[in-house]
Amino acid sequence: MTPAQGEQYDAIGARFEESKSTAAFSAADTYTLRAALGDVSGRSALDLACGYGYNTRLLAERGARPVVGVDVSHEMIRLAEKHPAGSPTGIEYVVADVAELPALGRFDLATAVYLFNYAPSRAVLRAMFGSVRANLSDDGRLLAIVPNPAPFPHGNYEEFGLRLLERVLGPEVPLIRQEFTTDPPTPLEDYEWQLADYERAAVGAGFGAVHWSPIRTPPPDADRDRSFWRRYRRHPVSSLMTCTA
Ligand SMILES: C[S@@+](CC[C@H](N)C(=O)[O-])C[C@H]1O[C@@H](n2cnc3c(N)ncnc32)[C@H](O)[C@@H]1O
């Protein structure tokens, strides 16, 4: 168990929902994930690092059954279980560290939107992918949204909902101190892995193929026009990683 990670999101709690529902980078992530999911009707799904259950409910609303949401933070699972949007039938929530996840089943699909960037070491990163692989069926698929290496200090993501504050070098991986641009700002920390590190860990844990896709952006509207999304696509916060057996 990595208590610091559970504690971080226990403290962030409901402020994460404010960020998720207002930040442009989250809108792009959700748009990308929805497009990648395809038809999940009748498929079993595991939503890892489920937070307050946003993607867990998305999976259930699209007909996935059963759907299990897993998060290390007791507070995030409490928020998921009592969310005002309700809990479509077929969802179960579990408090667990994905790096130490027991076998919950053999799922057709796993989603992990900002999980792997919380691994503080290569061993934990590998263990996380190992847990996912062990919980997937032989033709199962993992869809993961992972952060790109940060443009900081020569660039930032402020207009997209995330303010990068500091990069702290560590023995294996830099730590990034940042904040969601909520009111007031919500501080958080994660680790700056390279995309090649994620890929190496996935292959080392037994995934046969890894595919990368650029993040997609929603149609322009009155708040976020075409040039806003063009700027975002030049320096997107994240990438979509698809891993198959
Ligand atoms: C940025 S939030 C993303 C939540 C959700 N995926 C979403 O997109 O709405 C990151 C989540 O990862 C969870 N988390 C971090 N490390 C974890 C671990 N080792 N095992 C399970 N959950 C973890 C945190 O508690 C937090 O809820």
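These legends describe close-up views of a predicted model.

**View 1. The shell around the ligand.**
The ligand is surrounded by 21 residues. Tyr9, Ala49, Gly51, Ser73 and Tyr118 are the closest. Sorted by class, the shell holds 13 nonpolar residues, five polar ones and three charged ones. Three elements each give the shell at least two residues: helix 1 (3–12), helix 4 (54–61) and strand 2 (67–71).

**View 2. Ala49, a residue beside the ligand.**
Ala49 is among the residues closest to the ligand. Ala49 sits in the loop between strand 1 (45–48) and helix 4. Its phi is positive, near 60 degrees, although Ala49 is not a glycine. Is Ala49 buried or exposed? A residue is buried if 20 or more other C-beta atoms lie within 10 Å of its own. Ala49 has 25 C-beta neighbours inside 10 Å, so it counts as buried.

**View 3. Helix 4, a supplier of the shell.**
Helix 4 gives at least two residues to the shell around the ligand. How many of the eight residues of helix 4 are buried? Seven are, so the helix is largely enclosed by the rest of the structure. The buried residues are Tyr54, Asn55, Thr56, Arg57, Leu58, Leu59 and Ala60. After helix 4 comes Gly63, with a positive phi near 95 degrees.

Look at the loop between helix 4 and strand 2, where Pro66 lies. The peptide bond from Arg65 to Pro66 is cis. Its omega is near -15 degrees.

Seven strands make an open sheet in the order 3-2-1-4-5-10-9. The pairing is mixed. Which strands stand at the edges? They are strand 3 (91–95) and strand 9 (209–214). Each has a single partner strand, so one side of each is left without a neighbour in the sheet. From one strand to the next, the twist averages 20 degrees.

**View 4. Strand 2 beside strand 3.**
Strand 2 and strand 3 pair in the parallel sense. Five bridges link them. Val70 stands opposite Val94 in strand 3.

Helix 3 has 14 residues. From its first C-alpha to its last, helix 3 reaches 20 Å, close to the 20 Å expected at 1.5 Å a residue. Its buried residues include Ala24, Phe25, Ser26 and Ala27. Ala28, Asp29, Thr32 and Leu33 of helix 3 are buried too. Just after the helix, Gly38 takes a positive phi of about 65 degrees.

Tyr114 is found in the loop between strand 4 and helix 6 (122–134). Tyr114 is a residue other than glycine with a positive phi, near 60 degrees.

Pro153 lies in the loop between strand 5 and strand 6. A cis peptide bond joins Phe152 to Pro153. Here omega is about 5 degrees.

Three strands form an open sheet in the order 6-7-8. The pairing is antiparallel. Strand 6 (162–168) and strand 8 (186–191) are the edge strands, and each pairs on one side only. Direction ignored, neighbouring strands of this sheet are turned by 25 degrees against each other on average.

**View 5. Gln178 and its bridge partners.**
Strand 7 (residues 175–180) runs antiparallel to strand 6, and six bridges join the two. Which residue of strand 7 is the bridge partner of Leu164? It is Gln178. Strand 7 and strand 8 are also antiparallel and joined by six bridges. In strand 8, Gln178 has Leu188 as its bridge partner. A hairpin of five residues joins strand 7 to strand 8.

Technical notes. Residues are numbered from 1 along each chain as its sequence is written. This is a predicted model: local features need pLDDT of at least 70, side-chain atom pairs count only at pLDDT 80 or more; totals for chains, interfaces and linings use all residues. A residue is near a molecule or strand if its C-beta atom, placed from the backbone, lies within 6 Å of it. Helices (H or I, at least four residues) and strands (E, at least two) are DSSP runs, numbered from the N terminus. Ala, Val, Leu, Ile, Met, Phe, Trp, Tyr, Cys and Pro count as nonpolar, Asp, Glu, Lys and Arg as charged, and the others, Gly among them, as polar. Two strands pair if DSSP finds at least two bridges between them. Axes are lines fitted to C-alpha atoms, for helices over the stretch in contact, and angles run from 0 to 180 degrees between N-to-C directions. The expected span of a helix is 1.5 Å times one less than its number of residues. A residue is buried if 20 or more other C-beta atoms lie within 10 Å of its own, exposed if 12 or fewer, and partly exposed in between; C-beta atoms are placed from the backbone.
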